[in-house]
Amino acid sequence: MSTNSLKRVYLILFVCLQGLSFVEAQESVDSDLSVQSLEEAWEYAHKHNPNLQQYRLQQEKATIDYKVAKSAKRPQISGSFSLQNNTSLAVTPLPGEIFGQPGETVDAQFGQEYTYNAGITITKNLINKQQHLQTKMSGQNVLLMSQQTEVYEQSLKEQVALYYNTALVAEKGLQLSQRDLNIANSIVKISQEKLDEGTIDQLALNQALINENNVKQNQVQYESLLAQCQQELSKLWGVSL
């Protein structure tokens, strides 16, 4: 299996002396992901890793639950307001002497045309053990989620470093094995020519063929290792092959 055939996948890993470069080909959008250093590889994983995003969502939810539980311990304030329009006040006939009109009867209305009513109610439960326990548990859950997120971040960082550096080693091994394979092929060719000339025996040619086969096996191992690193980094980066 050649290096070129290995790279003909949706997500292709190019490893060179400068770093790693991923190319993601999609049906609708083509996007290039270029990673030139281990730090960039970690930053991308830190931003896009699906599991880490899930931990962050759980941490945010725990924080919200804690704020809700804490707010329930505060005083509850409610208000009310009402307005009444007394359009028809009762009419009462009264002697005119009261109003300086002796000998007459005056129709008088008593009351207010508009009536307003407003109020504020403040309540607080002074002793609520269940609410206190819930608030305490919510606070502990926030701390737990934060610690779990930190632990996973550290584990993710170690995994990215492992597969990134291993991919660099595998690519370098592929370069060296290709050089060794070229040399081994030349030795086999020369040995075959010398065997035909009768200057060497079959044993020497067999040794050259064995050496060529060993180099090919090493090349396959490096290709397999590179493909494994490619697969694992893709998972850590949240990118699909």
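Here is how the chat about this predicted model went.

Trainee: What about contacts between residues 24 or more positions apart?
Mentor: If you take the contacts with a separation of 6 or more, residues 24 or more positions apart account for 66% of them.

Trainee: OK, on to the core. How many residues are in the largest nonpolar core?
Mentor: There are 19 residues in it, and Ala41, Leu156, Val160 and Trp237 have the most contacts inside that core. The elements giving two or more residues to this core are H2, helix H4 (129-197) and H5.

Trainee: Which of those gives the largest share?
Mentor: That is H4, with eight residues. As background, nonpolar side chains in soluble globular proteins tend to be buried together.

Trainee: You mentioned Leu156. What does Leu156 touch?
Mentor: Not counting residues up to four places away in sequence, Leu156 touches Trp42, Ala45, Asn49, Leu52 and Leu236.

Trainee: Changing topic, how many aromatic pairs turn up?
Mentor: Searching the whole structure gives two aromatic pairs. One of them joins Tyr44 and Trp237, with ring centres 5.8 Å apart and planes at 70°.

Trainee: Why is that pair called edge-to-face?
Mentor: The planes of Tyr44 and Trp237 sit at 70°, and planes over 60 degrees apart count as edge-to-face, so that is the label this pair gets.

Trainee: Where in the chain do the two partners sit?
Mentor: In distant parts of it: Tyr44 belongs to helix H2 (residues 38-48) and Trp237 to helix H5 (residues 202-237), so this pair links positions 193 residues apart.

Trainee: Is Trp237 buried or exposed?
Mentor: Trp237 is buried, at 0% relative accessibility.

Trainee: Now charges. How many salt bridges do you count?
Mentor: Three salt bridges. Lys61 and Asp65 form one through their side chains, at 3.0 Å from N to O.

Trainee: How are Lys61 and Asp65 placed in their helix?
Mentor: They are four residues apart in helix H3 (residues 50-71), so about one helical turn separates them. Lys61 counts as exposed at 51% relative accessibility, and Asp65 as partly exposed at 33%.

Trainee: Which residue does Glu232 pair with?
Mentor: With Lys235, the closest N and O atoms being 4.0 Å apart. Glu232 and Lys235 are three residues apart in helix H5, which again puts about one helical turn between them. Both are partly exposed, Glu232 at 21% and Lys235 at 49%.

Trainee: What about Arg179?
Mentor: The side chain of Arg179 meets that of Asp180 in a salt bridge of 3.5 Å, N to O. Asp180 is partly exposed, with a relative accessible area of 31%.

Trainee: Last one: is Gln219 buried or exposed?
Mentor: Gln219 lies in helix H5 and is buried, with a relative accessible area of 10%. Apart from neighbours within four places in sequence, Gln219 is in contact with Leu174, Ser177, Gln178 and Leu181.

Trainee: And Ser191, what is that in contact with?
Mentor: Ser191 is in helix H4, and it is buried at 10% relative accessible area. Leaving out neighbours within four places in sequence, Ser191 contacts Ile200, Leu205 and Ala208.

Notes:
Residues are numbered from 1 along each chain as its sequence is written. This is a predicted model: local features need pLDDT of at least 70, side-chain atom pairs count only at pLDDT 80 or more; totals for chains, interfaces and linings use all residues. Side-chain values use heavy atoms; hydrogens and water are left out. Rings of Phe, Tyr and Trp (its six-membered ring) pair if their centres lie within 6.5 Å; planes under 30 degrees apart count as stacked, over 60 as edge-to-face and the rest as tilted. Buried means under 20% relative accessible area, exposed over 50%, partly exposed in between (1.4 Å probe, protein chains only). A nonpolar core is a set of buried Ala, Val, Leu, Ile, Met, Phe, Trp, Tyr and Cys residues joined through side-chain atoms within 4.5 Å. Contact means heavy atoms within 4.5 Å.
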